[in-house]
Amino acid sequence: MIFNEERKERVEAIEQILRAFLPQKMEYQKVIAEAMEYSLMAGGKRLRPMLMQETYQLYGGDSALVSPFMAAIEMIHTYSLVHDDLPAMDNDAYRRGRKTTHIVYGEDMGILAGDALLNYAFETAFTAFSQYPDDSKTIGRALQVLAEKSGIYGMIGGQVVDVKESGHAVSGERLHFIYKLKTGALIEASMMIGAILAGAPEEEIQRMEQAASDIGMAFQIQDDILDVTSTQEVLGKPVLSDARNEKTTYVTWKGLEKAKEEVECLSNRAVDAIQSAPRKNPFLEQLVLELVNRKS
């Protein structure tokens, strides 16, 4: 119960940060600001900025330097969801219990809202230079990670392979590649940037990259498990959809029990990495376990 209350408080604080960085309403192009706000403030776990902030604190960070990057990572995540929902992609009409951006604002504005969020994410992160000029080298390194992990070597790269391989079975190796990039890359960016901005040494940054990779993989495998073990009432979406679509998942690749073992192994390894850091952050450890062992 205490953890849930702490998590709720953190989500509320993140929401305040996001609102602070929203674009100002404009005259002729005000619709794009409205569509961006509609998309960004639709709710959600706020997992990526939360992981970034907790990792920043894990390595002793105690300023608002991390705030623009927290907003930026959530903007990038949101833009990817807006584009995923488009007719050319998943063609979804609802997300988080309300109509998707392109349904409300039209397909053209849905595309542009996603584009705008991606560009504005970097515009937001760049404000750190003027706010903290003495940390320019660190900010530059963080920006490099943000760009790489969200681009063709990260999230977009994973999405490309996922789209190209849809409609037929894929190898376990390719499935692992898709999961690592499509789901894991932004989680890796979140924890790496948290460590970078706090001034962590290179070996600790790499340790967080691996921990985040394990978290992302465990999170996605748990999704596969819930698709065959949960119910629509609990999960909030149709179950057994992967089987109906003949989609390769960790469950179809390795079986249910092996998939469960993989989630446990990956999550334990991630927590061990976090516990080996110079400081302790019990909330971050609990967050990882709650995330990968979730029931919905």
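This is a predicted model: local features need pLDDT of at least 70, side-chain atom pairs count only at pLDDT 80 or more; totals for chains, interfaces and linings use all residues.
Local features were taken at pLDDT of at least 70 and side-chain atom pairs at pLDDT 80 or more, whereas totals for chains, interfaces and linings use all residues. Residues are numbered from 1 along each chain as its sequence is written, and side-chain values rest on heavy atoms, with hydrogens and water left out.

Helices (H or I, at least four residues) and strands (E, at least two) are DSSP runs numbered from the N terminus. Helix H14 takes in residues 256-275, and its 20 residues should span 28 Å at 1.5 Å a residue (1.5 Å times one less than the number of residues). The end C-alpha atoms sit 29 Å apart, which agrees. Buried residues (under 20% relative accessible area, with exposed over 50%; 1.4 Å probe, protein chains only) in H14 are Ala259, Val263, Leu266, Ser267, Ala270, Val271, Ala273 and Ile274. They cover an arc of only 160 degrees around the axis, so they fall on the same side of H14; the arc is that of the directions from the helix axis to the C-beta atoms. Glu257 and Glu264, both exposed, are on the face turned away from that buried side.

Over in helix H5 (residues 101-105) lies threonine 101, which is buried at 7% relative accessible area. Its side chain makes a polar contact with the side chain of serine 39 at 2.7 Å (a pair of N or O atoms within 3.5 Å; within protein, one must be able to donate a hydrogen and the other to accept it, and residues adjacent in sequence count only if both atoms are side-chain atoms). Ser39 is itself among the buried residues of helix H2 (residues 30-40).
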